[in-house]
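Okay, everyone, thanks for coming. Let me put the chain up on the screen and then walk you through it.

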Amino acid sequence: MTVIKHIGGKDSDHPERDAWTALKRGWRQKCPACGKCAMYWRYLKVNDACPACGEELHHQRADDAPPYFTMFITGHVVVGGILAMEQSFAPPTWVHLIIWLPILVVMSLWLLPRIKGALIAYQWANRMHGFGTLEVEGADIPPAEPRPAGSA
Ligand SMILES: [Zn+2]
């Protein structure tokens, strides 16, 4: 069985990456390594590698975490706002729709690439998934000698 483990952090040749700097770069949708070039080539399409520094970004596994956090935040703001407004003014439903639907859409579209960028940067800073150096355990062990004939 092949065991693969990720190498990173203080106890390896690989320098620690500052997570806070990376998070800020990711939030600005920039490369977490250099902060110079855009992380995306389209709205949410991550560059395979940074055009400026060449850092590979295709290892990212943001998956459905960005929409999860985006919905979590926008849901709390919008539902809280609707409840507070209903308590205070009790406006008709169409007033709620006119106010809250655009806020919901704009806030979601604004947050999603920033949250995704920050999550990818977090993965990069912690050398998660393919962002770390992979070491195959047992790769340095020479292959076993073939058994002599007749031995059990
Ligand atoms: Zn870069």
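So, reading along the sequence, you get β-α-α-α-β, where helices are DSSP runs of H or I with at least four residues and strands are runs of E with at least two, numbered from the N terminus. Before going on: this is a predicted model, where local features need pLDDT of at least 70, side-chain atom pairs count only at pLDDT 80 or more, and totals for chains, interfaces and linings use all residues. Residues are numbered from 1 along each chain as its sequence is written, and side-chain values use heavy atoms, with hydrogens and water left out.

Have a look at helix α3, residues 93-125. Just after α3, R127 has a positive phi of about 50°.

Now the aromatics. Rings of Phe, Tyr and Trp (its six-membered ring) pair if their centres lie within 6.5 Å, with planes under 30 degrees apart stacked, over 60 edge-to-face and the rest tilted. That rule gives three aromatic pairs. W27 and W110 have ring centres 5.9 Å apart and planes at 75°, so they're edge-to-face. That pair links W27 in α1 to W110 in α3, 83 residues apart. And Y68, F69 and F72 form one aromatic cluster.

Technical notes
Expected span 1.5 Å × (residues − 1).
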